[in-house]
Amino acid sequence: MFRNIANYDKDQLRSIIDSLPVSVCILDKKGNIENANELWFDLSKEFYFDKQKLNCGLSYFDYLNELCGIDNETKTKLREGINILIKKEKNNFELTYPLYTLNNKEHWFTVRANYYPDDHKVILIYEEVTEKKQLENKYESSIKKLQERIKEFECLNKISNVTARDDYTLEELFDYIVNMLPSYWHYPENVCARIILEDKKFQTSFFRETKWKLSSEIIVNDKKVGSLDIFYIEESVQYNKDPFLAEEKELIKSISKMLSNFVIRKKYKKELTESREYLQTTMMSVGDGIISTDTSGVVININQQAERITGSANEASIGRPIDEILLLNNDDDDRESISNYVNKAIKTGEKVFLSEISILRKDRQQAQIDLSIIPVCNDKNDITGIVITFSDITEQKMAKDELKKNEKGLEKLVGLFQKALSIQELQDFALEEAVNLTGSKLGHYYEYDERNKEFKLISFTKNVMKNCDVKEFDKSIKLEDAGIWAETVRQRIPVVINDYEAPYLLKKGYPNGHAKIRRYMGVPIIRGNKIVAVIGVANKENFYTQNDVLQLTLFMDKVWEVLKRKQAEKELKYIGSKDKLTKLYNRSYIDEKLQTLNQTEYLPLSIIIIDINGLKIINDTYGHSKGDELLLKTAEVIKKISRNKDITGRWGGDELIILMPNTDMYMAEDISKKIKNESSEIFLDSIKLKISLGRATKEDVHEPYEQFVKRAEDRLNKNKLGESESSKSDIISALLMTLKEKSDETEAHAWRMTKLCFKFGEYLGLSNSELDSLSLLATIHDIGKVAIAEDILKKPAKLTQKEWEKIKEHPEIGRRIASSSVDLNHIAEEIATHHERWDGKGYPYGLKGEEIPLLSRIIAIVDTFDVMTNKRSYKEAVSQEEALNEIKRCAGSQFDPELARKFIEVIKTSK
């Protein structure tokens with residue numbers, strides 16, 4: 001999704017990732033935050049202590065340290081995961097973890113991190129999964145509660161059994177009970193227990209009183225004779241409130257009643273009602289459904305919760321077989337009957353636990369329950385009956401099923417997304433999945449334009465064509481022309497029609513031969529209060545329900561997010577394949593295309609490589625913005641001349657390329673001529689565009705494409721040998737002409753400089769080659785001024801410091817221009833140094849004395865003399881005598897003292 005990131009700047013990348021529906025953060029190879037979208041910044045601000053520091057450039061590891069509500073283990077896992085990616089040991093990792101906001105609100109996130117070696121980037125995508133976690137936790141919580149109830153019933157059953165026996169002494173019984181109790185509490189490893197009876201104490205082997213105490217009195221004849229005490233160890237369990245569950249408080253009361261009865265029986269030797277009566281009383285008061293049966297499975301008692309869940313009244317249930325009260329839904333559950341499980345529990349003496357079973361209530365509605373079957377024993381340990389406990393998990397099961405369906409669909413979507421399907425393939429797949437999800441036979445998928453009130457057909461199920469004679473469907477439909485299915489848009493709500501053949505005012509029928517519609521459900525996809533699409537499914541065997549509406553809505557919401565991501569990926573890929581300046585394809589894309597086109601079906605394959613002559617001189621003179629302007633004009637010529645099937649790109653800094661499939665050498669030559677002719681009409685200021693071309697044609701599929709490209713490059717280089725220097729000379733001539741127009745550097749000044757330099761050079765005894773160089777230097781020493789603004793060059797007033805700094809750039813600009821030409825590069829250093837001073841205070845390098853080239857020292861004197869003795873826009877001329885006096889005064893500081901003395905001699909002698 002995020003390939004070729006380096007081909008676009010941060011603003012472009014930020015624009016693309018801001019369009020994504022997920023939080024995205026991009027790290028560089030050092031682990032610093034290089035870029036992130038607005039969703040990520042908004043998300044991070046909820047959990048970040050110092051919001052002022054939350055910017056790009058921040059180390060991701062420092063960012064982790066400042067996050068609130070994240071444990072050290074999660075931080076360590078994230079650090080290790082990112083480091084593994086940066087070290088290239090893995091390409092991706094995923095972690096789900098909780099975060100807590102500053103006001104202690106819990107959120108769950110899944111972060112998926114991927115390493116992209118081509119760009120040395122780590123991409124982190126955050127997805128909030130709080131709702132999913134809450135559903136899972138709710139389901140797990142209900143299971144845990146049921147398990148806790150089972151433990152409590154076991155506890156009461158055990159105590160009931162032992163207290164019903166007469167062969168236990170009071171001491172034996174209390175010692176047994178006090179040591180078994182901790183295992184039935186919520187945190188058994190942190191529980192100790194004590195029974196106090198008058199002057200006797202019975203306690204667990206490890207016992208310590210703490211403030212976390214739960215106590216219930218042992219009452220005999222309305223008088224307290226002792227207590228049952230449960231303690232949580234404070235150092236092991238950290239609580240801010242009472243740690244005991246409400247059910248545990250009820251449990252200890254029931255146990256203390258059993259103990260009271262046992263004490264009474266032992267003390268007064270009276271037969272009491274079996275402790276199971278208290279067990280029954282407790283069971284009748286809890287929140288779960290409870291049914292007790294005899295050993296033949298006949299109902300003895302049923303509590304109110306069981307009545308509510310099964311829909312059976314107490315009076316009508318007692319004396320009936322358990323299978324008539326807890327009736328399994330055989331359509332959805334192929335398990336045995338409940339009575340079979342009851343018989344199994346009676347036979348083995350072990351409890352039976354069944355999860356997620358489907359029963360039919362008396363009103364024939366379905367209910368989902370978790371169920372436990374517990375044998376009940378008398379004082380002789382004989383099984384005398386069964387207690388069945390169950391909890392209604394219908395809502396949790398529906399939520400769980402919905403979650404599974406969504407996750408299954410999303411897994412498929414993500415899988416296809418990673419396989420890089422096209423957007424159309426993804427849309428077709430999503431529609432087929434929507435049809436399968438709802439048990440439908442047909443479906444359609446339209447995008448909707450609210451502004452124009454128009455539907456655009458995106459996809460329809462292939463099953464439509466099996467029972468349909470319509471050859472072509474309308475690709476777009478106006479809202480006013482759409483039938484009853486468009487009520488999803490008109491009313492902005494889902495539409496369910498379970499009898500499509502019934503008459504409806506808004507029905508407009510469908511084309512002759514169309515597949516018959518019996519039932520229909522349509523769902524709008526809404527984003528930002530706008531309907532962006534409509535999906536419709538049809539012909540489910542049974543009626544469409546609100547659950548179908550919910551499923552389809554949730555599914556298509558996720559589909560839309562994936563589609564938006566896919567579209568963003570497509571845009572990123574497009575940007576990544578384009579040259580940022582010319583908007584032609586970049587070198588990487590052209591290389592890929594050369595390999596793709598290296599097949600017989602594209603032969604003959606021709607290429608043309610275009611080089612802009614003298615581009616370096618233009619960049620050195622005017623700056624790269626002018627060179628870029630010339631590149632753009634050349635790119636426009638190529639776009640204009642190339643055909644639809646041709647592929648145009650930027651091959652290098654000053655080179656462009658055209659790939660031409662199914663094009664022979666004659667056609668390639670014709671296109672080359674057209675490009676040459678068209679480009680000859682392009683000017684940049686006074687400079688005429690000149691290009692060199694190299695072309696090659698590939699006719700043998702076995703010729704390596706690298707060799708094919710090299711033939712074109714060799715042809716280009718050969719053509720450049722003759723054309724490039726000619727172009728550079730033309731450019732320099734044009735630059736000199738421009739300089740004359742925008743400054744005081746007139747032809748008369750150049751002629752006087754040349755004449756005086758030649759005369760002075762002969763006097764100094766310079767060689768012929770030195771005289772030639774000096775004469776050339778006299779003509780073009782100020783060529784660098786062509787890049788200085790005319791208003792600065794001709795300013796009559798004193799220059800500002802900023803303007804003066806600009807003027808001081810011209811020697812270095814002149815050097816770069818001369819260096820790019822074979823005819824001028826031998827005087828490039830003299831051009832660069834002709835404003836240096838003998839005392840080292842000149843510019844641009846601050847050279848001193850004889851460090852300054854000889855010809856530069858000569859030009860400095862001659863140029864000063866000519867400027868002083870001739871009128872300029874910013875000053876009047878002075879006499880030769882005044883000029884010579886100024887040169888004499890500046891000898892040894894500005895000028896070479898010996899050259900200054902000899903120049904004065906030459907001028908005076910020539911008078």
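Reader: At roughly what angle do the axes of helix α24 and helix α29 cross?

Author: In this predicted model, helix α24 covers residues 768-780 and helix α29 covers residues 854-869. Their axes come within 10 Å of each other, and the angle at which they cross is roughly 45°.

Reader: Are α24 and α29 parallel, perpendicular or oblique to each other, and which hand does the crossing have?

Author: Angles under 35 degrees count as roughly parallel and those from 65 to 115 as roughly perpendicular, whereas the axes here cross at roughly 45°. The two helices are therefore oblique to each other. As for the hand, the crossing in which α24 passes α29 is right-handed.

Reader: Which residues make the contact between these helices, and how do they divide into nonpolar, polar and charged?

Author: From α24 the contact draws on Glu770, Ser773, Leu774, Leu777 and Ala778, while α29 contributes Leu855, Ile858 and Ile859. Glu counts as charged, and Leu, Ile and Ala count as nonpolar. The residues of this contact therefore divide into one charged, one polar and six nonpolar.

Reader: Is Leu594 buried or exposed?

Author: Leu594 lies in helix α18, which spans residues 587-596. Its relative accessible area is 2%, and the cut-off for a buried residue is under 20%, so Leu594 counts as buried.

Reader: Which residues does Leu594 contact beyond its neighbours within four places in sequence, and how far from Tyr705 is it in space?

Author: With those neighbours left aside, Leu594 is in contact with Ile607, Trp651, Leu659, Tyr705, Phe708 and Val709. Tyr705 stands 111 residues from Leu594 in sequence, yet the C-alpha to C-alpha separation of the two in space is 6.8 Å.

Reader: With which side chain does the side chain of Ser44 make a polar contact?

Author: Ser44 has its place in helix α2 and, at 2% relative accessibility, counts as buried. Not counting residues up to four places away in sequence, Ser44 touches Leu54 and Tyr63. The polar contact of its side chain, at 2.9 Å, is with the side chain of Tyr63.

Reader: Is Glu46 buried, partly exposed or exposed?

Author: Glu46 is found in the loop between α2 (38-45) and α3 (60-66). Beyond residues up to four places away in sequence, Glu46 touches Cys68, Thr101, Leu102 and His107. Its relative accessibility is 42%, and values between 20% and 50% lie in the middle class, so Glu46 counts as partly exposed.

Reader: How far apart in space are Glu46 and Tyr100?

Author: Along the sequence, 54 residues separate Glu46 and Tyr100. In space, taken C-alpha to C-alpha, the distance between Glu46 and Tyr100 is 8.9 Å.

Key. Residues are numbered from 1 along each chain as its sequence is written. This is a predicted model: local features need pLDDT of at least 70, side-chain atom pairs count only at pLDDT 80 or more; totals for chains, interfaces and linings use all residues. Side-chain values use heavy atoms; hydrogens and water are left out. Helices (H or I, at least four residues) and strands (E, at least two) are DSSP runs, numbered from the N terminus. Buried means under 20% relative accessible area, exposed over 50%, partly exposed in between (1.4 Å probe, protein chains only). Contact means heavy atoms within 4.5 Å. A polar contact is a pair of N or O atoms within 3.5 Å; within protein, one must be able to donate a hydrogen and the other to accept it, and residues adjacent in sequence count only if both atoms are side-chain atoms. Axes are lines fitted to C-alpha atoms, for helices over the stretch in contact, and angles run from 0 to 180 degrees between N-to-C directions. Angles under 35 degrees count as roughly parallel, over 145 as roughly antiparallel, 65 to 115 as roughly perpendicular and the rest as oblique. A crossing is left-handed if the near helix is turned anticlockwise from the far one by less than a right angle, and right-handed if clockwise.
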